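My notes are below the structure.

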Amino acid sequence: MNIYVCIKQVPDTETKIKLNPDQSGIDTAGIKWIISPYDELAIEESLRLRDKNPGSTVTVLAAGPARVVESMRTALAMGADNAIHVELPEAADNNWVAKSLAGALKKEPKVDIIFTGKEAIDDGAAQVSQLVAEYLGISYVTVVLGIEYLPSGVKCKREIEGGSFEMVEASYPVLIAAQKGLNEPRYASLPNIMKAKKKEIKVLKTSDVGTSESDQKIRYKNYQLPPPKQAGKKISGDPAAQAKELARLLHEEAKVV
Amino acid sequence: MSKVLVIAEQRDGRLKKSTFELIGASAAAGNETHVALLGEGVTGLAQELAHYGAKKVHIADHAGLKFYTSEAYSKVLFPLIQSLSPSVIMASHTPTGRDLMPRLSAKLNVGLASDCTQLAFEGDQIKVRRPVYAGKATVEVEFLGSGPRIATVRQNALGVPKPDASRTAETAQLSVDLGKIAAQVTEVVKGTSARPDVTEAAIVISGGRSLKNAENFKILEETADVIGAAVGASRAAVDAGFRPHRDQVGQTGKVVSPSLYIACGISGAIQHLAGMRTSKVIVAINTDSEAPIFQLADYGVVGDLFAIIPLLKEELKKIKEH
């Protein structure tokens, strides 16, 4: 099978976000970049599927500035066979990214299955998976907790609200967006990290994938940090007094119960 | 004033509260508010949408729409959007809305502002703000080019308006031709919990690793049931196996915006705070008075949650019975 994984590089979850002085974006100095956690699940799933189907290959794709290559090396160290980097500016929106990834995938001889994370933890928009599938004209299943692989397609367990889930059947080629619980991603071993440094990463430009700045449909501006919160009320006393006072305040003052 | 299309959402014949939020916000701004209502056996729900301000409800009532699929919904909505040509299209950022709207935005060749927490109508445009880095910052979304402005809106962000049962809406049945659907939902398996989802609930009570084990979450559940709350958890509690991932609040879990968030035994790691900081009222109960969660708390209780929560449950019961 020809298996593809689209990943995004994001700031580590522990990152304290600082803004540029002109509020046009975040200050990226000192940020530790990681593969978005849901994309790690996508990589893991692709490797497991490849290993069950001898002769298969896993190709990892990322669109973005030069720094994303580092995350692609991590994916190669986890076990991916090939990597394709589509060069895009930092501020490219979901649409431009997705159209570029789809453009890169269209150049591949055959695509059987594509894995992604259900959303990236920086932007949190949950758009690129669906957009890539739509631009390729294939089916997608998002927020997937479990996959049964059949000869002609997949049967997925898709999480919806309230602990409920849907069973979705789709034929190949299909895009699957992973949710936590799908698997436990592996760590890259040191020898594999060393080997991954030597692997070739194919580089594509927007002209190669048929996109341009006109594919940018939205722009983020006027970044703001959340307003500092005013000091709250401390409720003291013994537990009985605290419970009573808290219930009273929630009912009478905040009017939320 | 502009022409707005709201994509309604229902499950098992019950409309979602978040749909009323969207209709209410649009109608309150004086817009000509159209609603698309899709499903099987849903025609009877149209007038309820009117109570919140829908002017016209476009209904697709069809056996093939019993379960949501992005393909079937797109096949109904795309022609509707082309004939109606609204200047704004809105859906809730729910498992359905977030799955569907990118597909529609690509078909319409326009941008999509996802998971907005602030929305204002300005002429035939919308001004929206959304969180990034799970709420560690927010951004304004500028739409480039022409075409309808599309947004998905976080649940509970706009508030549910008071319904007015005297209002009625015009209705129209859409012709439905679904053709072949490639990805089929074969079954919907219901969750066993009677409690609301953390993203939908008006009140969320969350527990951290201080709960010590899965069984101890029972004290949170019992309290939650008194006030109709959902039960959430920190990543530490989920990683320790106390709760399933679907209950996790934070940057790698769910981002919530309830009217009341009660954090029990949660110290307030940056990734957790990111997931709940837009809650309207925040309560923190923790033995450590230096815990970062207290910086966000409107009401801080330094103490042992095992002593306080059962007493709080009784106090809340008294209020509810009153």
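These entries cover the sheet, its helices, the chain contact and the domains.

**Ground rules.** I am working with a predicted model, where local features need pLDDT of at least 70, side-chain atom pairs count only at pLDDT 80 or more, and totals for chains, interfaces and linings use all residues. Residues are numbered from 1 along each chain as its sequence is written, while chains are lettered from A and ligands numbered from 1 in the order in which they are written.

**Sheet.** I looked up the strand order first. The sheet is open, has six strands and runs β13(A)-β18(B)-β17(B)-β16(B)-β14(B)-β15(B), with parallel pairing. Helices (H or I, at least four residues) and strands (E, at least two) are DSSP runs, numbered from the N terminus. Pairing requires at least two DSSP bridges between two strands. I find β13 (233-235) of chain A and β15 (230-233) of chain B at the edges, each pairing on one side only. Neighbouring strands are turned by 20° against each other on average, direction ignored. Axes are lines fitted to C-alpha atoms, for helices over the stretch in contact; angles run from 0 to 180 degrees between N-to-C directions.

**Strand pairs.** Which residue of β18(B) is the bridge partner of A:Ile235? I found B:Val301 there. Three bridges join the parallel strands β13(A) and β18(B). Within chain B, five bridges link β14 (residues 203-207) to β16 (residues 260-264), also parallel. B:Val204 stands opposite B:Tyr261 in β16(B).

**Helices on the sheet.** Contact means C-beta atoms, placed from the backbone, within 7 Å. Helix α7 (residues 239-253) of chain A touches β13 of chain A plus β16, β17 (281-286) and β18 (299-302) of chain B. Its direction makes about 170° with that of β18(B). Helix α5 (residues 217-227) of chain B touches β14, β15 and β16 of chain B, at about 175° to β14(B).

**Helix pair.** I checked α5(B) against α8(B): their axes come within 9 Å and cross at roughly 10°. The two are therefore roughly parallel (angles under 35 degrees). Residues meeting here include B:Leu220 and B:Val226 in α5(B), and B:Leu312 and B:Leu316 in α8(B).

**Chain contact.** Chain B gives 73 residues and chain A gives 69. Chain B's side has 37 nonpolar, 20 polar and 16 charged residues. Nonpolar covers Ala, Val, Leu, Ile, Met, Phe, Trp, Tyr, Cys and Pro; charged covers Asp, Glu, Lys and Arg; the others, Gly among them, are polar.

**Domains of chain A.** The assignment, automatic or from a database, gives domain 1 (2-215) and domain 2 (232-257). Their C-alpha centres lie 46 Å apart.

How values were computed
Contact = placed C-beta atoms within 7 Å. Parallel < 35°, antiparallel > 145°, perpendicular 65-115°, else oblique.
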